[in-house]
Protein chains: 2
Amino acid sequence: MKVIDKIQSLADEGKTAFSFEFFPPKTEDGVDNLFERMDRMVAYGPTFCDITWGAGGSTADLTLDIASRMQNVVCVESMMHLTCTNMPVEKIDHALETIRSNGIQNVLALRGDPPHGQDKFVQVEGGFDCALDLVNHIRSKYGDYFGITVAGYPEAHPDVIGENGLASNEAYQSDLEYLKKKIDAGADLIVTQLFYDTDIFLKFVNDCRQIGISCPIVPGIMPINNYRGFLRMTGFCKTKIPVEVMAALEPIKDNEEAVKAYGIHLGTEMCKKMLAHGVKSLHLYTLNMEKSALAILMNLGMIDESKISRSLPWRRPANVFRTKEDVRPIFWANRPKSYISRTKGWEDFPQGRWGDSRSASYGALSDHQFSRPRARDKKLQQEWVVPLKSVEDIQEKFKELCLGNLKSSPWSELDGLQPETRIINEQLIKVNSKGFLTINSQPSVNAERSDSPTVGWGGPVGYVYQKAYLEFFCSKEKLDAVVEKCKALPSITYMAVNKGEQWVSNTAQADVNAVTWGVFPAKEIIQPTIVDPASFNVWKDEAFETWSRSWANLYPEADPSRNLLEEVKNSYYLVSLVENDYINGDIFAVFADL
Amino acid sequence: MKVIDKIQSLADEGKTAFSFEFFPPKTEDGVDNLFERMDRMVAYGPTFCDITWGAGGSTADLTLDIASRMQNVVCVESMMHLTCTNMPVEKIDHALETIRSNGIQNVLALRGDPPHGQDKFVQVEGGFDCALDLVNHIRSKYGDYFGITVAGYPEAHPDVIGENGLASNEAYQSDLEYLKKKIDAGADLIVTQLFYDTDIFLKFVNDCRQIGISCPIVPGIMPINNYRGFLRMTGFCKTKIPVEVMAALEPIKDNEEAVKAYGIHLGTEMCKKMLAHGVKSLHLYTLNMEKSALAILMNLGMIDESKISRSLPWRRPANVFRTKEDVRPIFWANRPKSYISRTKGWEDFPQGRWGDSRSASYGALSDHQFSRPRARDKKLQQEWVVPLKSVEDIQEKFKELCLGNLKSSPWSELDGLQPETRIINEQLIKVNSKGFLTINSQPSVNAERSDSPTVGWGGPVGYVYQKAYLEFFCSKEKLDAVVEKCKALPSITYMAVNKGEQWVSNTAQADVNAVTWGVFPAKEIIQPTIVDPASFNVWKDEAFETWSRSWANLYPEADPSRNLLEEVKNSYYLVSLVENDYINGDIFAVFADL
């Protein structure tokens, strides 16, 4: 969706938009950390996030990759910076076509800084010499597809700011005229350069309105994180620093914590003032850090740790082709990125009903689904690669996970236990100690308010429901005991399969079971999570393969623990259990006397 | 769906199929009565109903019309008889193409009796001379589309039964061979001629199995309704009457009630015996009467008045193009036939989600939607055409309806109040007496068992839910009071419109609100009833037009009552109210102190 449309619809509801800017880190670990951080920050529901374009196009491929992962895996509306520096039009179009095919609709069109080591911007052959040309090109070649944002300079563009730190009035006015041309050429949103004097920003907005610029003007705010960085950035951008700010920083400049705290305070006050003047959106330059940006938004009451609102129980990719997707099988609940990659090829994504998607053909299981950030690999190594002499030792590991003592799990991309799992972790511990090794579960939920912190989703005034679900590995002998027990528990439906494709179940192949649903005012019933045999049969290969790829293979070759894990993988069954009576049923009754 | 598939899937579930046969009545009133009777009988869930083809094709058009109305309006899987008598192949194909285009998939292929006044069957020029040829034709021309049923004669075909009432063994054997040929030619089901000696039927089944006929053989049972009719029918079909049956009938032959009671007893015993011998389906020749057929099925415990199971809250057309339809707007709840006729032109029918069907274009409102069986017209005349001097008199009529004292309503095709309306009729009476003239409503339902007699649907082991709904006419002044009241009741959503298209609402045009839904084991959430602005805007014309077409116009021209009704029609608003909080809300709170 275009950011401008999102900002406008929020404004119509009297809400304020906020957004975060990131830059492409230099190292692979840096990129992994950025995505973990982004995952946490995006949970607060920013309207969009943008990713910068390395000076001179140096990080082009990395930025393109990060932008696509933001939109499709982190699932936030993403905006990519695009600059003219060293970019012949073929490269510009390659970038635009790439993000379009990845379902991204938003671009920040900039002339861009001169490449490293050069003072002056030089137009590259076959490229553009200013943002205006870039805007014209995007509109003429891609019509109305892209939302185009351009930069606004409350203190005029640095190129026209003199030694005295000020731009002449003519230069400022012609800067404004030039900004208007960019809007008239088809840009629909302005984000400003950073500033620390709010009055300058408010005057700039007023001046823009005077010359007929009517689109939203989003203030760009960079919380002060450390003194030297602050001086370097404001020096580079020739930003005016109010006297009181320097006076406040001077005594604490060597105390990083104090500078950060002051930065949060200053940022909060600046935003309060702008909100009071009717500003409807805030853009935070995070420098890839989260604390200050989140602290400012919390101070403003715009986000609340306890009330992270989820539109669905799982995060929906912002990819323009997937924005209507609202039904998924439960099996990849802890491996959402794998699910996104295995469904990437789908033409359309299930909306409202899983229905006939049974015939959905998942992408083949590949190394990609088992590639992990190095940090996660280290975690798995530390927490899971211990001597395993017996199945009981394996059970102990699963019990530790249920106790919340482990941060990682071979079967999950996510950190530790999910909030709702804590509701049933006592029963989970008992079940695991009986040899039923759980890798996914959800408690039953009957008419909980949809803003419940643990199980809520979908906005404030609805009711949410869940059928209790349990997925685990167990031996054939234990499976037989479960099957026998279920004969006396008619509201339980199960499916079980081993690596050899032997299938045991009491439901029909075509039975699609909605296990999470929500009822909201003036809405159709939303059922985001289902259990279906066809997807379970695809998922089981990934689940069995995880024994080797994410655990056994972390041991040296021929290590006895490794062999034990392979034995379990080749002999155990993967079982999916649903308690359909979410009002009176108890899924754990199955294990009572096993 | 093909009847053979339905019978087989019921057998897989260990259930017995039952079906009713009707014939095309001679008069229009007779046809109206048949459909009212069929409506009642179909509520018990017969696997199919068939309609006979008048001897010599005399009732062709009527049978075709009745068959289509059975499949599309009464919403039961329908099978049409088709005979060769006087039917050149063009006429045969016209009939087959007509039922195919009406979504009917089942045909009973017969040679047919000779036309009235002729003893011997004569092959018509360009037609077929036996059922076998007809089966061959249907298979070769229509491939696998039709389910084809053929007749089986437990006592051999009447043409080969001698004066002594018996067929020679050769004639019986060749009759069996001929039946096999019909099956081998592509027929997939056998329904037998009527009989009263169950042993003969059981022997016939056995003999069929001996020569390799493996498809289901459905016994045709005609409950004895009156003595003379019984003798005439058995005489015509040359049916053997067991001695004990004649002995039982002789003393009571002039007492119609006693003959009917004996007919029910005999039918019950015959069926018990056949069921005990593994027969899995029963076909009842009803002669367009309901009591005996229903009594036999009740005696057998196959139907239960209190447990009329509804797969959906409204009856879904059996039309092969509509069998997956499971979402409808609530507005036509009391006028299902009108809804079917106004949606006939749709390509596909909403399944699971109303979703984008908002753009559905309804068929234009025409005289057809206001055509009524004469009996209903008489009822309306008696119950509604009274002197109306003031709006209070109109209110009294609506109150009488809520009290259950009226059998008819201008705004309903159905008889009297629906079971669930009785849950809230006290509140409805109060609301109507305050000038809010209700024409549709449903109580809120929170997790009721799906086999509840009043609000249940969808089969036994689910939970059903409803948001409370109220639809009424009222003056602008009263509407304003409601709108004001709703400001303090955030969980109420409303839409209101008058004849002049002035629209008042607190929901968005695109808001589709699920107001009835059900949760069932191993199923996706089913939401059969929704409230949506686009359909409400179409429905309102029909609702306003009803003031004139079904009430005012029943008065003489210029009658003051008629003028009063027109005045109300042109000044009142039609209001649709939903209480979205089906757990804690109370829709009647809106009217508390109005």
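This is a predicted model: local features need pLDDT of at least 70, side-chain atom pairs count only at pLDDT 80 or more; totals for chains, interfaces and linings use all residues.
**Figure 1**

Figure 2. With a relative accessible area of 10%, A:Gln395 is buried, because buried means under 20% relative accessible area. When residues up to four places away in sequence are not counted, A:Gln395 touches A:Asn432, A:Ser433, A:Gly435 and A:Leu437.

Figure 3. Once the neighbours within four places in sequence are left aside, A:Arg37 is in contact with A:Asn288, A:Met289 and A:Glu290. Although A:Arg37 and A:Met289 are 252 residues apart along the chain, their C-alpha atoms are separated by 7.9 Å. A:Met289 itself is found in the loop between strand 8 (281-285) and helix 11 (291-299) of chain A, where this residue is partly exposed, with a relative accessible area of 31%. Together with A:Phe23 and A:Leu287, A:Met289 forms a nonpolar patch on the surface, and the accessible area of the three residues together is about 220 Å².

**Figure 4. A salt bridge between A:Lys337 and A:Asp39.** Side chains of opposite charge can pair when their charged atoms come close. In this view A:Lys337 forms a salt bridge with A:Asp39, and the closest N and O atoms of the pair are 3.1 Å apart. The pair links distant parts of the chain, since A:Lys337 is in helix 12 (residues 336-342) of chain A and A:Asp39 is in helix 2 of chain A, 298 residues apart. A:Lys337 is partly exposed, with a relative accessible area of 32%, and A:Asp39 also counts as partly exposed, at 22% relative accessibility.

**Figure 5. A salt bridge between A:Arg335 and A:Glu542.** Here A:Arg335 forms a salt bridge with A:Glu542, in which the closest N and O atoms are 2.9 Å apart. A:Arg335 lies in the loop between strand 9 (328-329) and helix 12 of chain A, whereas A:Glu542 lies in helix 17 (residues 533-549) of chain A, so the pair ties together parts that are 207 residues apart in sequence. A:Arg335 is buried, with a relative accessible area of 5%, and A:Glu542 counts as buried at 0% relative accessibility.

**Figure 6. Further salt bridges in chains A and B.** A search of the whole structure finds 73 salt bridges over all chains. In chain A, a network of salt bridges links A:Asp367, A:Glu545, A:Arg549, A:Glu566 and A:Lys569. In chain B, the side chains of B:Lys253 and B:Glu250 meet in a salt bridge, with a distance of 2.9 Å from N to O. B:Lys253 counts as partly exposed at 29% relative accessibility, and B:Glu250 counts as partly exposed at 38%.

**Figure 7. Two alanines with positive phi, A:Ala156 and A:Ala447****.** Most residues other than glycine have a negative phi. A:Ala156, however, has a positive phi of about 70° although this residue is not a glycine. A:Ala156 is found in the loop between strand 5 (147-152) and helix 6 (169-184) of chain A, and it is buried, with a relative accessible area of 4%. For A:Ala447, phi is near 60°, which is again a positive value in a residue other than glycine. A:Ala447 is found in strand 11 (residues 445-449) of chain A and counts as partly exposed, at 22% relative accessibility.

**Figure 8. The surroundings of B:Leu406.** The residue B:Leu406 is found in the loop between helix 14 (391-402) and helix 15 (425-433) of chain B, and B:Leu406 is buried there, with a relative accessible area of 6%. If neighbours within four places in sequence are left aside, B:Leu406 is in contact with B:Glu383, B:Trp384, B:Lys397, B:Glu400, B:Leu401 and B:Gly416. B:Leu406 and B:Met38 are 368 residues apart in sequence, and their C-alpha atoms are 22 Å apart in space.

Conventions: Residues are numbered from 1 along each chain as its sequence is written. Chains are lettered from A and ligands numbered from 1 in the order in which they are written. Side-chain values use heavy atoms; hydrogens and water are left out. Buried means under 20% relative accessible area, exposed over 50%, partly exposed in between (1.4 Å probe, protein chains only). Contact means heavy atoms within 4.5 Å. A salt bridge is a side-chain nitrogen of Lys or Arg within 4 Å of a carboxyl oxygen of Asp or Glu. Helices (H or I, at least four residues) and strands (E, at least two) are DSSP runs, numbered from the N terminus. Patches are made of residues with over 30% relative accessible area and no salt bridge: like charges are joined within 9 Å, nonpolar side chains (Val, Leu, Ile, Met, Phe, Trp, Tyr) within 5 Å. Accessible areas come from the Shrake-Rupley method with a 1.4 Å probe; for residues, only the protein chains shown count as cover.
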